[in-house]
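Visitor: Please show me the chain, and then I will ask about it step by step.

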Amino acid sequence: MMVMFTIFLALTSMCLSQVQGIESSFNSTTSCTCYEYKIYCMTSNSDWDWAKDECERQGGWLATIDKQTTHQQIRNIIRNTEGADTRECHNYGFWIGLYDPRPLPKPSSHKSHPEMFTWVHDQCEEFEVWEENQPNDDISESSDGQNCVQLWYRTGHIGNYDDEYCYEKKGYVCQFGTDCQCAAE
C-alpha cells in the first residue's frame, strides 16, 4: 500500500466576504470562508470517482482552483514536499474537481473545448491553466475519452490542467472550507 502524504495549506487570501448585521455599519462584522488543501498520494483505489468520494467523506470536495495564486501555491507544496513530487505518489498527476459531466456516450468530443468541463463545487470557475494542446479527449485507450482533469506532472508538464481517463489511479487534492476572521470592509 502506498504511503499517503498529507500537506495542509491554509489560504487566507481566498476569503469570500459575507457581511452580517448590515442594519448598522457600526455594528457589522465580516466573516469569511477560507480554504485548506490536502494533497494525497495515490492509492490502489484512487481513480477520479474514488478520490471525489474520499474528499466528500472527509467533509470537503476535489479541489477547485479559482486563481493563479492558488494554483501556484498547490504546485509549490507538491514540489517542496519530499516524496510528493514522485511518480510513485502521483502517477503523473493529481486529480482535481474539474470534469466533463455529460452522460456517456458523449454527443460530441470536448477536444479543444475546455468550456465543456465543470467543477464539482460551485466556486469561481473563470481561472484555467490548460497545458498546451489540452484538453485533447484522447480515445486511444477508451472510446469514452478523457473526461476528468488532473494537474499534470510529467517532465516539461508541471501542474497545468490535462484531461485524463477517469479510471487512472492518481494522487488527488482535496479542498475544505473553514471559518476564519477577515478584516471588516
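This is a predicted model: local features need pLDDT of at least 70, side-chain atom pairs count only at pLDDT 80 or more; totals for chains, interfaces and linings use all residues.

Visitor: What span should helix α2 have, and how far apart are its end C-alpha atoms?
Guide: Helix α2 covers residues 68-80, which is 13 residues. At 1.5 Å a residue, α2 should span 18 Å, and this agrees with the distance between its end C-alpha atoms, 18 Å.

Visitor: Within what arc do the buried residues of α2 fall, seen down its axis?
Guide: Buried here means under 20% relative accessible area. In α2 the buried residues are Thr70, His71, Ile74, Arg75 and Ile78. They line one face of the helix, because seen down the axis they fall within an arc of 130 degrees.

Visitor: Of contacts between residues at least 6 apart in sequence, what percentage joins residues at least 24 apart?
Guide: The chain has 185 residues, and 46% of them are buried. Among contacts between residues at least 6 apart in sequence, the share joining residues at least 24 apart is 70%.

Visitor: Which elements give two or more residues to the lining of the largest pocket?
Guide: The largest pocket holds about 200 Å³ of space. Its lining has 16 residues, and those nearest the centre are Gln146, Gln150, Arg154, Asp162 and Glu164. The elements that give two or more residues to this lining are β7 (148-154) and β8 (157-164).

Key:
Residues are numbered from 1 along each chain as its sequence is written. Side-chain values use heavy atoms; hydrogens and water are left out. Helices (H or I, at least four residues) and strands (E, at least two) are DSSP runs, numbered from the N terminus. The expected span of a helix is 1.5 Å times one less than its number of residues. Buried means under 20% relative accessible area, exposed over 50%, partly exposed in between (1.4 Å probe, protein chains only). The arc is that of the directions from the helix axis to the C-beta atoms. Contact means heavy atoms within 4.5 Å. On a 1 Å grid over the protein atoms alone, a cavity is a set of points where a 1.4 Å probe fits but cannot get out, and a pocket is an open set with protein on both sides within 12 Å along at least five of seven lines; lining residues have an atom within 4 Å of a point. Grid points are joined across faces, edges and corners, and a volume is the space filled by probe spheres set on the points.
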